[in-house]
Amino acid sequence: MNEAYKNLIERRSIRKYNNTKVSHDLIEQIVRAGQFAPSGMNRQIYAFVVVEDEELVARLSKMNADAMNSSSDPFYGAKSLIIVFADTNAPTYLYDGALAMGNLMNAANALGVDSCWIHRAKEVFETPEGKEMKKTWGLPESYEGIGHCILGYREEEPGERAQRTSKVIYA
């Protein structure tokens, strides 16, 4: 089977991470793949915030948990993450950001790194604390959080894969 195709078919979302950190070199490679995601009219209106500081990861996890009124760790113990933002001035911003998230997760898998898309980036970065973070990172107000791509190494093997049930219609 073609390696690229196999990577797409075999990627899994992991929701329990061990304590091993992903190397900065691997994270740079993953981000680079995100930068090559397709975008409407090749505008490339996404931005990536790489978070490797464990205290900041914990703070962002708490903010994400607060956004869903939970006390759990929505980052499942991951030690690193990449936050994807996209410029809402572009009509395709949400799709462009989603494609960038997909590229990040597929690249991570290809490099032997586990990942999962964690929602609520929009809500997290609409809070006063989140807006301040965006300002600190030099992101314009028009940039909206699309998702958190958590990165790490699985604590255990995932269970059996769910059957694919989406409809396929050949017209």
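Which residues does Leu104 touch, not counting residues up to four places away in sequence?

**View 1. The chain has six helices and four strands.** This is a predicted model, with local features needing pLDDT of at least 70 and side-chain atom pairs counting only at pLDDT 80 or more, while totals for chains, interfaces and linings use all residues. Residues are numbered from 1 along each chain as its sequence is written, and side-chain values use heavy atoms, leaving out hydrogens and water. Helices (H or I, at least four residues) and strands (E, at least two) are DSSP runs, numbered from the N terminus. Along the sequence they read α-α-β-α-β-α-β-α-α-β.

**View 2. The largest nonpolar core has 24 residues.** Such a core is a set of buried (under 20% relative accessible area, 1.4 Å probe, protein chains only) Ala, Val, Leu, Ile, Met, Phe, Trp, Tyr and Cys residues joined through side-chain atoms within 4.5 Å. Phe48, Ile82, Leu104, Val113 and Leu151 have the most contacts inside it. H2 (24-35), S1 (46-51), S2 (80-87), H4 (93-110) and S4 (143-152) each supply at least two residues of this core, and H4 gives the most, with six.

**View 3. Here is Leu104 with the residues it touches.** Leu104 has contacts (heavy atoms within 4.5 Å) with Ile30, Val31, Gly34, Phe48, Ile82, Val84 and Cys149.

**View 4. Another core, of 22 residues, lies apart from the largest one.** Among its residues are Ile14, Val51, Ile118 and Ala121. Over the chain as a whole, buried residues make up 43% of the 171.

Technical notes: Buried means under 20% relative accessible area, exposed over 50%, partly exposed in between (1.4 Å probe, protein chains only).
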